[in-house]
Amino acid sequence: MSNNLVMMPLIFPLIGGILLIFFNKKPIVQRILSTIFSIAALAVSCILVWTVHQNGIQIVEIGGWAPPYGITFVADMYASLLVLTTSIIGLTGVLYSFRTVGKEREYFFYYPAVQFLLAGVTGAFLTGDIFNLFVFFEVLLMASYVLMVLGGTKRQLRESIKYIAVNVFSSALFVITVAFLYAVTGTLNMADLSVKISESGQTGLLTVIAILFLIVFGMKGAIFPLYIWMPGSYQAPPAAVSALFGALLTKVGVYAITRVYTLIFIHDKAFTHGILAWLAALTILFGVIGAVAYWDVKKIVIYNIITAVGVILFGVAAANPAGIEGSIYYLLHDMIIKGALFFLAGIMISITGTSDLKKMGGLIGNYPLAGWMFFLSAIALAGIPPLSGFIGKLKVIQGGFEAGEYAISFVVLLSSLLVLYSVMKIFINGFWGETKPIQGNPSVKGMVYPAVILVALSAAFGLGTEFIAPFITQASETLLDPSIYIEAVLKEQ
Amino acid sequence: MEVMMSIVCGILFMAATYLMLSKSLLRIIIGTGLLSHGAHLLILTMGGLKGGAAPLLGEKAKSYVDPLPQALILTAIVISFGVTAFMLVLAYRSYQELGTDDMDHMRGTDSHE
């Protein structure tokens, strides 16, 4: 059965990106077109989520070649929910860019690069082929290189070099790992890989490959020993770009780890998932240490990304229903709230002209909406009950206790406190206190609304958990039982 | 044959790692070039190096070499070509702007812009 709906969330940004190349000197046309394409992508992702909810996993066999011979695109609930969240972030990111990126960037293919980034992320979520995943990684990385260096300030040039060098290395490692995997199994389709590996049993060689994949995706997703590239490079580009990166790029690495560790390498869990759990714990620890240490608005938010990656992966490592469900809730929540936090940090920086907390203060007097939005996203990030971060962390910790990982579960609990401290530090120092004089009191009207959209979504996500729960349960069922995925993809055999 | 090629790939990886850990930006880029050579050769090796005709159906041979790794390599080559070109131009631009190709001088702290 083929169903082109699966391709639509990928096709829209791709065509959008290609079309936008032709209008690079007309910023107004660019803005209108990218809004239209982002809204279209959002609409089809909603339809995709609903279709998957009603009819189960949707697949497309590209060119009509049956898997494992052709490339398949697979939309299970997990991937569809992530695609939906990606298109929400994409739309708000585009709206936020109108007021913040500036003419010179808009003239030089900013919006096409954003659309290609979204296409790469969506493709990486939807693909069912491990080499095709590599190609989509490169699509999104290429777009991210362009976005990171666009503008060409000294800091951007310096940080782009490091970012590209790290990613070139991890891409080469990805190719090497795929080569090893192909030599052992002789296939590239993820469902077929899972079948081949469960037939042969996960030998020592395959466990080594599993760890290599953890290194590759961990480098993309910023887990503990491999996150060092991230704080510098996410700080260099403008806030709109940092928001897209922070909300989407690392999450693709997290998604890939989750997919590989729930579908393919599931036969030596004591070893692979044990390593994952401890790396997750260290990721959380080092993330909060960074978040507490810095007095720079952007750096604090960046280190909070690292903490969140750790929490999500700990849920995956627990590998029981509560843990997996928690990690899905937390992943969706974190994409939304990191977008909002970067938008608001960008607003603070554009008002005060600095990202140093010690040089700002009293912003709530003149910018109450931005202030209260920041307060809401801060408590959502820490996981205070009515908002979105609570249910995910609750379930992750429940999963951790059920799996007997008491020490790491306490680390997760403790991390919430420090995360709350780190973002409240921004709120207290940036928004409260004496009002420091600001030149001209700039208006932030158009910049606040994208953040308002995301914070409202986060509140809806927290209050409407009952409504979202069936979707999440469906997503976690597929992750917990790979045979559902395999049967959907390989059913014609 | 595969053992031979594995050793060659290993030497390429070794040289690439050494170069990527050096100070000069140009050496790092040469290192990434060697790294992708090694990775591409490794795909070819891991696909198997048994004898067989080139994968052209017109050859009408009894057995062909595996066509899949060749397609993968072709994809990986053009991707790394694109990235390398971008990186070279970036190195050129940053040499113009920053006036150095020494990675130690590109450290930069928060006070730098």
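Predicted model: local features only at pLDDT ≥ 70, side-chain atom pairs only at ≥ 80, totals over all residues.

I started with residues 129–417 of chain A: the end C-alpha atoms lie 40 Å apart, and the span is 82% helix and 0% strand. (Helices, H or I of at least four residues, and strands, E of at least two, are DSSP runs numbered from the N terminus.) UniProt, in an unreviewed entry, gives this stretch as "domain: NADH:quinone oxidoreductase/Mrp antiporter transmembrane"; such annotations may be inferred rather than shown by experiment.

Residues are numbered from 1 along each chain, chains are lettered from A, and side-chain values use heavy atoms, without hydrogens or water.

Next, rings: I found 34 aromatic pairs over all chains (centres within 6.5 Å; planes under 30 degrees apart are stacked, over 60 edge-to-face, the rest tilted). A:Phe98 and A:Tyr111 are edge-to-face, 6.2 Å centre to centre with 70° between the planes. A:Phe98 sits in helix α3 and A:Tyr111 in helix α5, 13 residues apart.

Is A:Tyr111 buried or exposed? It is buried, at 1% relative accessibility, whereas A:Phe98 is partly exposed at 21% (buried is under 20%, exposed over 50%, partly exposed in between, with a 1.4 Å probe and protein chains only).

Last, I noted A:Lys220 over the face of A:Phe137, 5.2 Å from the ring centre (the rule: Lys NZ or Arg CZ within 6 Å of the centre and within 35 degrees of the ring normal). A:Phe137 also belongs to an aromatic cluster, with A:Phe134 and A:Phe174 among its members.

Definitions and conventions:
Phe/Tyr/Trp six-rings, centres within 6.5 Å; stacked < 30°, edge-to-face > 60°.
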